[in-house]
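This report walks through one protein model, from its surface to its rings. Keep the coordinates open while reading.

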Amino acid sequence: MMKAVIAFLRSLFNRPKVHAISTPKSEENGGGNHPIAPDHKAAYSSWMKQHPSALLMFDKMMEAAKGKRIVVFLDYDGTLSHIVNDPDRAFMTNEMRGAVSDVSKRFPTAIISGRSRDKVKQFVKLDNVYYAGSHGMDIMAPTRPLTSGGKHRPQVNRKGNEGSFQPAKKFLPAIQEIFTALEESTSKVEGARLEDNRFCVSVHFRQVSKEDYDILEEKVKSVLENYPDFRLTRGRKVMEIRPCIEWNKGHALEYLLENLGLSNSGDVLPLYIGDDRTDEDAFKVIERRGQGISIVVSSVPKDTKAHYSLQDPTEVYKFLSDLATSMTE
């Protein structure tokens, strides 16, 4: 009997260990700490070979950037701030704010987010950066003039309204109708949270149970059926209702380069950092241009057009701090 007990105990201690690593909350993995088996670690290592760490490759990137004009584009949630259950509490740290401020003093800098422009500005609290809210459908130039070698200044947009550009402005009344309808329709789905991002409506389901998610999705689709000029997209634990116009973060990147008078300059190097699938539109633009740096923020393998990777906002902070003090000119 004793031999059997000893054999059983040995079998327990000899089992292969599965280690847990911290991963960002996402639409695909549900968030939190998840046990990652050794084969998954191998997959991540293989993925990292295709999308190497931007920190490890920093010197090489800066060497290639010498003599070029860097323009910095940054997502907000999951990039400058950690993903949290309450979207109203997705605060960036003071250290991150300082790093973004230092970068913007050297290079033209824009924050391109799915949130409303005003909400992002409240979080970032900097006057010397461009803000592009609602996935680039609401763009505002800095309120304080910028200088980057004397070349960077706010411009007048295509329609003559200084400092702002809103390609989806005509949809505002319908967006408010959709928001009101969703408020009534989803009010009884526990954990569902609506966010008015001005030119799009976000339905957060991070705290919605798996059992209730299908109900929530059906309610959102039911409201959307009455608005054929709008489409449903998905991000990290969020459904978003957006106008059916050809405009995304990639278009916003191109517009801002044009606004700065840099769209056709051969010495311009756009640098974009983002974590969400909506950032892929910007990565594609950089790939099409054949010149630029694209960095995805992820600690798990994912399909991406980005050249490099950073694991989380902590690594983004380190990268931006290095960028602010780099010698690229």
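## Surface and overall make-up

The protein has an accessible surface of about 16500 Å², and carbon and sulfur atoms hold 50% of that surface. Accessible areas follow the Shrake-Rupley method with a 1.4 Å probe; for residues, only the protein chains shown count as cover. The model is predicted: local features need pLDDT of at least 70, side-chain atom pairs count only at pLDDT 80 or more, and totals for chains, interfaces and linings use all residues. Residues are numbered from 1 along each chain as its sequence is written, and side-chain values use heavy atoms, with hydrogens and water left out.

Of the 329 residues in the protein, 50% are buried. Buried means under 20% relative accessible area, exposed means over 50%, and partly exposed lies in between (1.4 Å probe, protein chains only). The secondary structure comprises 10 helices and 14 strands. These are DSSP runs numbered from the N terminus: helices are H or I with at least four residues, strands are E with at least two. A contact means heavy atoms within 4.5 Å. Among contacts with a separation of 6 or more, 60% join residues 24 or more positions apart.

## A four-stranded open sheet

Four strands make an open sheet, ordered β8-β9-β11-β10, with antiparallel pairing. Strands pair if DSSP finds at least two bridges between them. The edges belong to β8 (193-196) and β10 (230-235); each has a single partner strand, so one side of each lacks a neighbour in the sheet. On average, neighbouring strands are turned by 20 degrees against each other, direction ignored. Helix α6 (residues 172-186) packs on this sheet and touches β8, β9, β10 and β11 (238-243). The direction of α6 makes about 165 degrees with that of β8. Axes are lines fitted to C-alpha atoms, for helices over the stretch in contact, and angles run from 0 to 180 degrees between N-to-C directions.

Now the pairings. Four bridges link β8 and β9 (residues 201-204) in the antiparallel sense. Here Glu195 stands opposite Ser202 in β9. Between antiparallel β10 and β11 there are six bridges. Leu232 stands opposite Ile241 in β11.

## Positive phi in loops

Which residue of the β10 and β11 hairpin takes a positive phi? It is Lys237, near 55 degrees, in a hairpin with two residues between the strands.

Lys125 is not a glycine, yet has a positive phi of about 60 degrees. Lys125 sits in the loop between α5 (117-124) and β5 (130-133). It is exposed, at 59% relative accessible area. Arg198, also not a glycine, has a positive phi of about 70 degrees. Its place is the loop between β8 and β9. Arg198 is partly exposed, at 30%.

## Aromatic pairs

The structure holds 12 aromatic pairs. Rings of Phe, Tyr and Trp (its six-membered ring) pair if their centres lie within 6.5 Å; planes under 30 degrees apart are stacked, over 60 edge-to-face, and the rest tilted. Phe73 and Tyr272 are stacked, at 6.4 Å centre to centre with 20 degrees between the planes. Phe73 lies in β3 (residues 69-74) and Tyr272 in β12 (residues 268-274), so the pair ties together parts 199 residues apart in sequence. Both Phe73 and Tyr272 are buried. With Phe283, they form one aromatic cluster.

Tyr227 and Phe230 pair edge-to-face, at 6.4 Å centre to centre and 90 degrees between the planes. Tyr227 is buried, with a relative accessible area of 16%. Phe230 is buried too, at 7%.
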